[in-house]
Amino acid sequence: MQTIELNNGVIMPQLGFGVYQIPNAQTKEAVYEAIKAGYRLIDTASIYGNEKETGEGIRKAVDEEIVKREDLFITSKLFILQAPEDKAKETIEKSLSVMGLDYLDLYLIHQPYGDIYGAWRALVSAQKSGKLRAIGISNFKSSRMIEFVGLNDVKPQINQIEVNPWNQRIEDEEWHKKYGVQVEAWAPFAEGRHDLFSNLVLEEIGQKYGKSVGQVVLRWLMQRGIVALAKSVRPERMIENINIFDFELSPADMETIAHLDMKESAFFDHDDPQQVEWFMNRMKDTEE
Ligand SMILES: NC(=O)c1ccc[n+]([C@@H]2O[C@H](COP(=O)([O-])OP(=O)(O)OC[C@H]3O[C@@H](n4cnc5c(N)ncnc54)[C@H](OP(=O)(O)O)[C@@H]3O)[C@@H](O)[C@H]2O)c1
């Protein structure tokens, strides 16, 4: 597995497996199958509601000696409600105990709302005590990332943001490079929106290398130096998606993919009032 070095010296796999929207009943098996397929980076979040089952899948793979815990790179995230410092500390502890782990490899502030500075102090303190190897943010636009770096002593190692062929984040990538914050792509397939998996341009590129659209997209992210998280509940697709380290897209193909950029989210804008309202309601729901 190809790796990336973060700004604190921690090494992480460049391709990972995400468990967002995997139903609880399927998560343990999906995580176990993903580890069997060769994934070492696993991404969950407290708000996904499947941290427990993610931990169970990890334990099954470790118990069966498919992998050692120290060879895995496990991520979870803190949702908005838990942002105030004390709550954030509680949430980190809760993630660890629910997942049955002594430490996490990466912990992120999931959304750019609420007391992100208080939350950050909690993450920094947990990192110092060895409970979190790397810490970061998610869904921060470059402007917020720059402000956040400027106002904190400890810089985030990662910003996990949407990156896919429809929303390529080329300028954002430059800003993150300038500040030494690694970009990690969520929804690399845009969850199939705009018919990604049957896009003719991507299909044609794939045919040249004997690869699928999904493989072309993930390979394109690897060549850009971006960490990518792919989700699938199907073992055959997990295997397909990780089988991307035996070919290289030509500069011309990289350029052709660059032309697919629509420069806007395939999902939503984090500054859209309706979306912020949705997040605030979600926060209240989790509070109850
Ligand atoms: N930080 C954040 O706010 C945030 C937001 C969203 C996601 N994430 C993280 O990023 C991960 C990935 O994003 P995502 O799950 O939203 O979307 P995604 O990985 O872009 O797309 C997943 C979809 O693609 C399908 N798929 C996967 N591989 C395929 C293949 N080779 N051929 C055809 N279809 C394929 C899956 O279906 P099947 O499962 O049926 O195969 C699923 O419907 C998440 O799981 C989560 O860990 C983070």
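User: Which residues lie nearest the centre of the largest pocket?
Analyst: This is a predicted model, in which local features need pLDDT of at least 70 and side-chain atom pairs count only at pLDDT 80 or more, while totals for chains, interfaces and linings use all residues. Residues are numbered from 1 along each chain as its sequence is written, and side-chain values use heavy atoms, with hydrogens and water left out. A pocket is an open set of points on a 1 Å grid over the protein atoms alone, where a 1.4 Å probe fits and protein lies on both sides within 12 Å along at least five of seven lines; lining residues have an atom within 4 Å of a point. The largest pocket is lined by 42 residues, and nearest its centre lie Y20, Q21, A187, E191 and K231.

User: Which element gives the most to the lining of the largest pocket?
Analyst: Helices (H or I, at least four residues) and strands (E, at least two) are DSSP runs numbered from the N terminus. At least two lining residues come from each of α8, β10 (227-230), α9 (235-242) and α11 (273-287). With four residues, the element that gives the most is α11.

User: How many charged residues does the lining of the largest pocket have?
Analyst: Ala, Val, Leu, Ile, Met, Phe, Trp, Tyr, Cys and Pro count as nonpolar, Asp, Glu, Lys and Arg as charged, and the others, Gly among them, as polar. By these classes the lining has 19 nonpolar and 14 polar residues, and its charged residues number nine.

User: What volume does the second largest pocket have?
Analyst: A volume is the space filled by probe spheres set on the grid points, which are joined across faces, edges and corners. The largest pocket has a volume of about 970 Å³. For the second largest pocket, the volume is about 460 Å³.

User: Which residues that line the second largest pocket are closest to its centre?
Analyst: The lining of this second pocket divides into five nonpolar, five polar and nine charged residues. Of the 19 lining residues, the closest to the centre are N167, R169, D172, K263 and S265.

User: At roughly what angle do the axes of helix α7 and helix α8 cross?
Analyst: Axes are lines fitted to C-alpha atoms, for helices over the stretch in contact, and angles run from 0 to 180 degrees between N-to-C directions. Contact means heavy atoms within 4.5 Å, and here L202, E203, I205 and G206 in α7 meet V213, V216 and V217 in α8. The contact residues are five nonpolar, one polar and one charged. The axes of α7 (residues 200-209) and α8 (residues 213-223) come within 8 Å and cross at roughly 85°.

User: Are α7 and α10 roughly parallel or roughly antiparallel to each other?
Analyst: Angles under 35 degrees count as roughly parallel, over 145 as roughly antiparallel, 65 to 115 as roughly perpendicular and the rest as oblique. α7 and helix α10 (residues 251-258) pack at an angle of about 165°, with axes 10 Å apart. V201, L202, I205, K208 and Y209 in α7 meet D253, T256 and I257 in α10. The two helices are therefore roughly antiparallel.

User: Is the crossing of α3 and α4 left-handed or right-handed?
Analyst: The axes of helix α3 (residues 85-99) and helix α4 (residues 116-128) come within 7 Å and cross at roughly 45°. That makes α3 oblique to α4. A crossing is left-handed if the near helix is turned anticlockwise from the far one by less than a right angle, and right-handed if clockwise. The crossing of α3 and α4 is right-handed.

User: How far apart in space are F267 and S212, C-alpha to C-alpha?
Analyst: F267 lies in the loop between α10 and α11. Leaving aside neighbours within four places in sequence, F267 is in contact with E162, N164, W186, A187, A190, E191 and R193. F267 and S212 are 55 residues apart in sequence, and their C-alpha to C-alpha separation in space is 23 Å.
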